[in-house]
Amino acid sequence: MKKNTIAHDALILFLITIIAGFALGLVHEITLEPIEAAEEAALQEAYQDVFPDATEFTELPGFSVEAADSVMLESGYQDEVIEDCVQAIGSDGSLLGYVINATDPSSYGGNLTLSLGVQVDGTVNGYSITDISDTPGLGMKATEDDFSSQFVNKKIAFFTVTKTGSTSEDEIDAISGATITSNAVTRAVNAGLCYFRYVVSLTGGEVLE
């Protein structure tokens with residue numbers, strides 16, 4: 001094969017690579033903003049689910065994932081991550097409580113992230129799962145009221161999972177056939193409550209022990 005033919009073919013391949021790379025980059029830029037907007041809309045919907053009376057949600061001043069990690073590690077949480085914390089504000093401008101986004105990495109399908117609503121006095125409004133990859137009909141039942149309602153309107157510092165039927169306010173009946181997911185949800189909720197107590201301790205409010 002002649003050298004000029006090889007060079008010609010190489011140039012064509014190079015140009016194709018450049019054009020393909022540019023096209024992929026352009027597609028990424030075009031789709032990035034709609035994806036981010038959809039994710040933000042899903043978060044806002046989750047916030048509203050756990051605080052229907054709130055008219056707006058504002059970032060907790062000074063929040064950072066790194067600082068939250070330190071708080072969680074000091075409290076004995078090795079794997080759970082607090083992704084964000086926002087304030088739920090009422091129509092009169094008053095603070096109704098907080099929405100805490102917590103992730104547990106050990107659900108059946110991997111990471112499980114939820115938004116936990118907690119009133120200023122520590123009462124749990126409930127949670128809304130924003131990321132889960134569990135088995136339909138089993139772990140996905142964590143998104144259904146039969147399971148999630150067990151956390152609602154309870155002022156509990158720490159929940160535990162049971163497979164033999166709950167006998168106290170702090171016990172959560174596991175989903176049949178999905179104990180791993182039940183534990184992951186409960187750990188994420190407990191992590192959120194732990195961070196809530198930290199936030200409350202900074203503001204001088206009531207702290208649950």
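How much accessible surface does the protein have, and what percentage of that surface belongs to carbon and sulfur atoms? Here is a friendly walk through the structure, point by point.

1. To take the opening question: the accessible surface comes to about 11,600 Å², and carbon and sulfur atoms account for 56% of it. Please keep in mind as you read that this is a predicted model.

2. On the overall layout, you will find four helices and seven strands. Going along the sequence, their order is α-β-α-β-β-β-β-α-β-β-α. The protein has 209 residues, and 38% of them are buried. If you take the contacts between residues at least 6 apart in sequence, 56% of these join residues at least 24 apart.

3. Have a look at how helix 2 (residues 65–74) packs with helix 4 (residues 179–203): the angle is about 105°, and the axes lie 10 Å apart. Helix 2 is therefore roughly perpendicular to helix 4, because angles of 65 to 115 degrees are classed that way. On the helix 2 side, the contact is made by Ala68, Val71 and Met72; helix 4 contributes Ala191, Cys194, Tyr195 and Tyr198.

4. As for disulfides, the count is zero, where a disulfide would need a pair of cysteine sulfur atoms within 2.5 Å.

5. Thr123 sits in the loop between strand 4 (110–119) and strand 5 (124–131). The side chain of Thr123 makes a polar contact of 3.0 Å with the side chain of Asp121. Setting aside neighbours within four places in sequence, Thr123 is also in contact with Gly117, Val118, Asn153, Lys154 and Lys155.

6. Another loop residue to look at is Gly165, which lies between strand 6 (160–162) and strand 7 (171–173). With a relative accessible area of 30%, Gly165 is partly exposed, because that value lies between the 20% limit for buried and the 50% limit for exposed. Which residues does Gly165 touch, not counting those up to four places away in sequence? They are Glu171 and Asp173.

Technical notes
Residues numbered from 1 in each chain as written. Predicted model: local features only at pLDDT ≥ 70, side-chain atom pairs only at ≥ 80, totals over all residues. Heavy atoms only, no water. Helix = DSSP H or I, 4+ residues; strand = E, 2+ residues; numbered from the N terminus. Buried < 20%, exposed > 50% of the residue type's maximum accessible area, 1.4 Å probe, protein only. Contact = heavy atoms within 4.5 Å. Areas by Shrake-Rupley, 256 points an atom, 1.4 Å probe, with all protein chains shown as cover. Polar contact = N/O pair within 3.5 Å; in protein donor to acceptor, adjacent residues only side chain to side chain. Axes fitted to C-alpha atoms, helices over the stretch in contact; angles between N-to-C directions. Parallel < 35°, antiparallel > 145°, perpendicular 65-115°, else oblique.
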